[in-house]
Amino acid sequence: MSLLAIGSMAFDALETPYGKTDKIIGGSCTYISLSACYFTPNVNVVAVVGEDFPQEYIDMLTAKGVNLDGLQIKEGEKSFFWSGRYHNNMNSRDTLVTELNVLGTFDPVIPELYQDCQYLMLGNLTPMVQIQAIERLRNRPKLIVMDTMNFWMDVALEDLKRVIKMVDVLCINDEEARQLSGEYSLRVAAKKIVEMGPTLIIKKGEHGALLFQEEKMFYCPALPLEDVFDPTGAGDTFVGGFIGYLAKTEDLSFDNMKRAIVYGSAMASFCVEKFGTERMLTLTEAEVTGRVQEFADLAHFKI
């Protein structure tokens, strides 16, 4: 089934305890689509880049089966750029440079080819852009998943609350859940957010992910890895795997969402093994299957 991802395609410059990079490809839509395309062949993208975005990166994505008919290339302008330095624990980072460039005026134009998408993934964008994207679809998709961040809770809370009511699944991290709900306990925070309407995923990085729907709850642990080279894009890779698996199976039950959380976690565990998108470009179906089995073995026990 067709999957539409709307978000950023960008440049990142990264520094971690394992080394540093110059400008490499990044952005929420890049990671989401590279992850989702392992599950469904129909991944369509709406994003914007400047004329500085190399054709080789575009060719790399299309070679993976990502449809870029909705990619806007702005002549004479520059792509979004972010630079950051990770601390030794890899859980915190300092932003060194943020240049919005073309992303600052992004207008999500939905091509006719994309109008009948069944699954919609909204990457981390301004809430108003997310609202525009939903409203520009003639028919509501079967499933709408959105990501956001604490910045929009600070500067655009009312718009954010509006878009949350329009989606089926909200994916945020633990600190964002606490800020949005005003509660420290994640279980209490989740209850308040679910009352706003969506199923909720709370990402906890190296501590796994939680899924909440009405009174139901599920926890997926993170797989302990020997080395974590770069956490950038792990959250987007996670949610790309989540919605990609749901699109593949066409089963939106809570039980299948639990499986989708595991598949998303498996994809994220690959992402952090190399810098940027490097690991996602060489991933095989056999590796994905094997990694999911590792997750199953990690959490399986009998009472």
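Q: Which residues lie nearest the centre of the second largest pocket?
A: Of the 14 residues that line the second largest pocket, Phe218, Val262, Phe295, Ala296 and Ala299 lie nearest its centre. A pocket here is, on a 1 Å grid over the protein atoms alone, an open set of points where a 1.4 Å probe fits, with protein on both sides within 12 Å along at least five of seven lines, and lining residues have an atom within 4 Å of a point.

Q: Before going on, what kind of model is this?
A: This is a predicted model, in which local features need pLDDT of at least 70 and side-chain atom pairs count only at pLDDT 80 or more, while totals for chains, interfaces and linings use all residues. Residues are numbered from 1 along each chain as its sequence is written, and side-chain values use heavy atoms, with hydrogens and water left out.

Q: Ok, which element gives the largest share of that pocket's lining?
A: The largest share of the lining of the second largest pocket, six residues, comes from H11. Strand E14 (216-220), helix H9 (254-271) and helix H11 (285-299) each supply at least two residues, where helices (H or I, at least four residues) and strands (E, at least two) are DSSP runs numbered from the N terminus.

Q: Is H9 largely enclosed or open?
A: H9 is largely enclosed by the rest of the structure, because 14 of its 18 residues are buried, buried meaning under 20% relative accessible area and exposed over 50%, with partly exposed in between (1.4 Å probe, protein chains only).

Q: Switching to helix H2, which of its residues are buried?
A: In helix H2 (residues 55-63), the buried residues are Tyr57, Ile58, Met60 and Leu61. They cover an arc of only 155 degrees around the axis, which puts them on the same side of H2; the arc is that of the directions from the helix axis to the C-beta atoms.

Q: And what's on the other side of H2?
A: On the other side of H2, Glu56 and Ala63 are exposed. Just after H2, Gly65 takes a positive phi of about 95 degrees.

Q: Last one: where does Leu103 lie, and what is it in contact with?
A: Leu103 lies in the loop between strand E8 (93-99) and strand E9 (119-122), and it is buried, with a relative accessible area of 17%. Leaving aside neighbours within four places in sequence, Leu103 is in contact (heavy atoms within 4.5 Å) with Ser8, Val48, Phe80 and Leu125.
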